[in-house]
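Hello,

Here is the structure I promised to pass on to you. Have a look at it first, and then read on for what turned up.

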Amino acid sequence: MKVMNASRVGFPCDRNLWYAVNNYAGKVNKKSQRIFDVGAAIEPVVIDWLNQDGWITFYNPGSQEAELELYAPIEGGKIGGHPDCFMSRQNCDNVLADIKTMNERSFINWKRRGTLEDKPQYADQLHCYAYAAKREGFPVDKLAIVGINKNTSDMHIDFFDYDYMRMNKIIERSERIFKLDTPPEPGDRIESWACSYCDYAEHCELCKHKRDTHVDNGALKTNDPDIVNAIELLKEARELSKAGKELEDDAKAVLDVRVRQQGIKSVSTGNYILDLTEIKSSRFDSTSFKKAHPEMIQDFMKNSSSVVYSIKESA
Ligand code: SF4
């Protein structure tokens, strides 16, 4: 019987899912495996944190060997997997939750935008568990991602509702992939990062990352991991800095209205003391200087050179 596992159902490539449901041997890269292992190791700690916060949890540890398996039949096979936990608290019963560890950038973006917008693959995963759980008679009132920031150990829970339309689309996609005898095109959900995180890249002739390293007229084509990692790191650093700037702007917008415009000079909150210091500054207006004294510009010019690294996604 073909099996669509909830943990991969949100992957944005139909072809990847086809290889998976047809039992092709997948090759998980070492970094992805380490990320998975760290996530699995942290799960019991997170369950403790949830319990300390008053949640009553039913934890289902393990992956393939987990005690509770939830699968539901669909045309051509079955769909489901092993949910991480059910949790309940006063006024918030029957929450089906998955625990995810994230790096700083990912956590900040997810917390700001929410699971449905920022991590739709997690929402799809939980929908599959919930679909199978409901069929088995488990009450499911809410879905949730419990996110952990690996850099700071911050924890945040994002709740959302089960969406029948979403689940219907997941089932339609899965049934369509079950029916195919040959690997399909990736489909319109494909994301630029998909091939680099694909366990089936070595089977796939469409993989964009199977490139030999060669230089052509100053342009290098390579999959050298050091270079690939450095580019990803630079991209991540820029996104982090952009997210940090947006957070700072959000915070300042509140403080401008609630503190500065009220004439307040200092705020004490118990944990923090915020001081407002007015700074007057003046700056040299080089544009006006150039206009006023074009003949002097050359005398004050200092030549230097630097390189701008700009990153865009490959077509
Ligand atoms: S290598 Fe890329 S196109 Fe091929 S199956 Fe994987 S994600 Fe899809």
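In this predicted model, leucine 70 lies opposite glycine 81 of strand 4. Helix 6, residues 120-135, packs on the sheet there and touches both strand 3 and strand 4. The helix direction makes about 85 degrees with that of strand 3.

Strand 3 (residues 70-74) pairs with strand 4 in the antiparallel sense, over five bridges. Within that pairing, alanine 72 has isoleucine 79 of strand 4 as its bridge partner. Two residues sit between the strands of this hairpin, and glycine 76 takes a positive phi near 90 degrees.

On to the other pairing: strand 1 (residues 2-5) runs parallel to strand 4 (residues 77-81), and four bridges join them. Asparagine 5 has glycine 80 in strand 4 as its bridge partner.

Put together, the three strands form an open sheet in the order 1-4-3, with mixed pairing. Strand 1 and strand 3 are at the edges with a single partner strand each, so one side of each has no neighbour in the sheet. On average, neighbouring strands here are turned by 25 degrees against each other, ignoring direction.

Then there is the ligand, which may be of interest for your own work. Which residues are around the ligand? They are Cys13, Arg15, Asn16, Pro186, Ala194, Cys195, Cys198, Tyr200, Ala201, Cys204, Leu206 and Cys207. By type, this shell divides into 10 nonpolar residues, one polar and one charged.

Best wishes

Methods. Residues are numbered from 1 along each chain as its sequence is written. This is a predicted model: local features need pLDDT of at least 70, side-chain atom pairs count only at pLDDT 80 or more; totals for chains, interfaces and linings use all residues. A residue is near a molecule or strand if its C-beta atom, placed from the backbone, lies within 6 Å of it. Ala, Val, Leu, Ile, Met, Phe, Trp, Tyr, Cys and Pro count as nonpolar, Asp, Glu, Lys and Arg as charged, and the others, Gly among them, as polar. Two strands pair if DSSP finds at least two bridges between them. Axes are lines fitted to C-alpha atoms, for helices over the stretch in contact, and angles run from 0 to 180 degrees between N-to-C directions. Two residues are in contact if their C-beta atoms, placed from the backbone, lie within 7 Å.
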